Amino acid sequence: MHEAGLQRGDDPLVIAGQTFRSRLMVGTGKYTDFAIMREALVASGAEIVTVSIRRVELGAPGHVGILDAIDFASYQLLPNTAGCRTADEAVRVARLARAMSETNWVKLEVIPDAKYLLPDPVETLRAAEILVDAGFVVLPYMHADPVLARRLAEVGCATVMPLASPIGSGRGILTRAALEIIVEEATVPVVVDAGLGVPSEAAAAMELGADAVLVNTAIAEARDPVAMAAAFRKAVEAGREGLRAGRMATRAHASPSSPTAGVVRMPEPEVPV
Amino acid sequence: MYVNGEQYAHRDGLTLHALLAELQVEQGAVVVMHDDKLYGAGKIPDVLVAAPDVIEIVTMMQGG
């Protein structure tokens with residue numbers, strides 16, 4: 001299929017009935033200051049940004065939240081339940097997040113493991129069921145497990161968010177085979193989340209068929225976060241356009257790109273006796 | 001009473017507004033969960049707080 005003149009607006013990302021031009025979601029964590037974070041958000045072109053909900057630190061007046069640092073009208077906020085170890089904790093934090101952000105979107109994270117930050121699939125599914133029933137738009141962070149992805153979609157999650165590699169590791173796509181199955185079987189958008197370290201990995205995720213990617217650490221911890229945010233934006237767009245354009249078939253052997261006939265050759269060399 | 005998981009000295013007549021003022025927390029910047037009741041930012045009632053109550057005061061922070 002030839003799709004000449006692809007425009008950004010031609011290929012929107014649709015989640016829970018909302019339409020987005022950007023397929024790059026970004027986190028707001030780990031930035032050295034809010035000014036750089038704001039610049040990076042703009043450079044990323046992202047329309048969906050994640051935030052967390054935390055207890056106010058007692059005895060520390062003047063603590064700085066993110067409320068004044070983001071232009072809320074410009075973004076779909078995606079509060080997460082990071083730090084929650086059980087479904088019950090996640091549901092509680094989701095309720096707090098909804099009251100705080102006035103959005104019913106939630107990035108569901110249930111993570112009992114502090115070393116690798118790997119999600120608990122059983123508790124994630126249980127929390128998803130409760131939150132969907134309560135009217136939340138649930139975007140669950142999950143292992144790259146095709147069966148779990150199907151179960152989460154069946155209970156009404158708006159997306160699935162399989163990990164590429166552990167959160168913040170920057171190790172890239174270590175779950176490719178499972179991601180390919182999830183993409184092939186998906187009935188909801190697939191957002192590859194966690195572990196992407198460089199823009200080429202975001203492009204690769206999009207080329208394999210992800211509907212979007214979520215990036216935080218790779219941008220926030222770059223030497224130049226603003227430039228890296230722009231690079232990820234371009235990579236996501238390139239990967240998506242590459243997918244739509246349709247890749248060539250792979251071959252076991254080389255296939256010359258120039259004509260094989262009419263090659264200018266030297267006379268056969270004389271072989272000394 | 002417990003506030004954000006820490007034991008907090010209760011006194012008769014203490015209200016949510018007085019508690020937030022004591023903690024120097026701006027009402028418009030936080031959500032309060034008072035036992036099972038949830039109050040949005042800027043919508044926190046000035047109700048009495050009892051000694052056995054559990055209160056969570058949260059805000060939005062950076063996160064991925």
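Which elements of chain A each supply at least two residues of the lining of the largest pocket? They are strand S4 (48–55), strand S10 (212–215) and helix H7 (217–220), where helices (H or I, at least four residues) and strands (E, at least two) are DSSP runs numbered from the N terminus.

## Basis

This is a predicted model, in which local features need pLDDT of at least 70 and side-chain atom pairs count only at pLDDT 80 or more, while totals for chains, interfaces and linings use all residues. Residues are numbered from 1 along each chain as its sequence is written, chains are lettered from A and ligands numbered from 1 in the order in which they are written, and side-chain values use heavy atoms, with hydrogens and water left out.

## Largest pocket

The space in the largest pocket is about 470 Å³. A pocket here is an open set of points on a 1 Å grid over the protein atoms alone where a 1.4 Å probe fits, with protein on both sides within 12 Å along at least five of seven lines; lining residues have an atom within 4 Å of a point.

The lining has 30 residues, and Glu109(A), Leu117(A), Ile167(A), Gly168(A) and Gly64(B) lie nearest the centre. By class, 11 are nonpolar, 13 polar and six charged, with Gly counted as polar.

## Interface of chains A and B

Chain A gives 34 residues to the contact and chain B gives 26, contact meaning heavy atoms within 4.5 Å. About 2,600 Å² is buried between the two chains, 62% of it from carbon and sulfur atoms; buried area is the accessible area (1.4 Å probe) lost on putting two parts together, summed over both. In chain B, Met60(B), Gln62(B) and Gly64(B) lose the most area to chain A, together 30% of what that side buries.

## Salt bridges

The whole structure has 15 salt bridges over all chains, each a side-chain nitrogen of Lys or Arg within 4 Å of a carboxyl oxygen of Asp or Glu. Glu56(B) lies in strand S5 of chain B and Arg92(A) in helix H2 (residues 87–101) of chain A, so this pair joins two chains. Their closest N and O atoms are 3.9 Å apart. Three salt bridges are found across the interface of chain B and chain A.

Methods:
Points joined across faces, edges and corners; volume = space filled by probe spheres on them.
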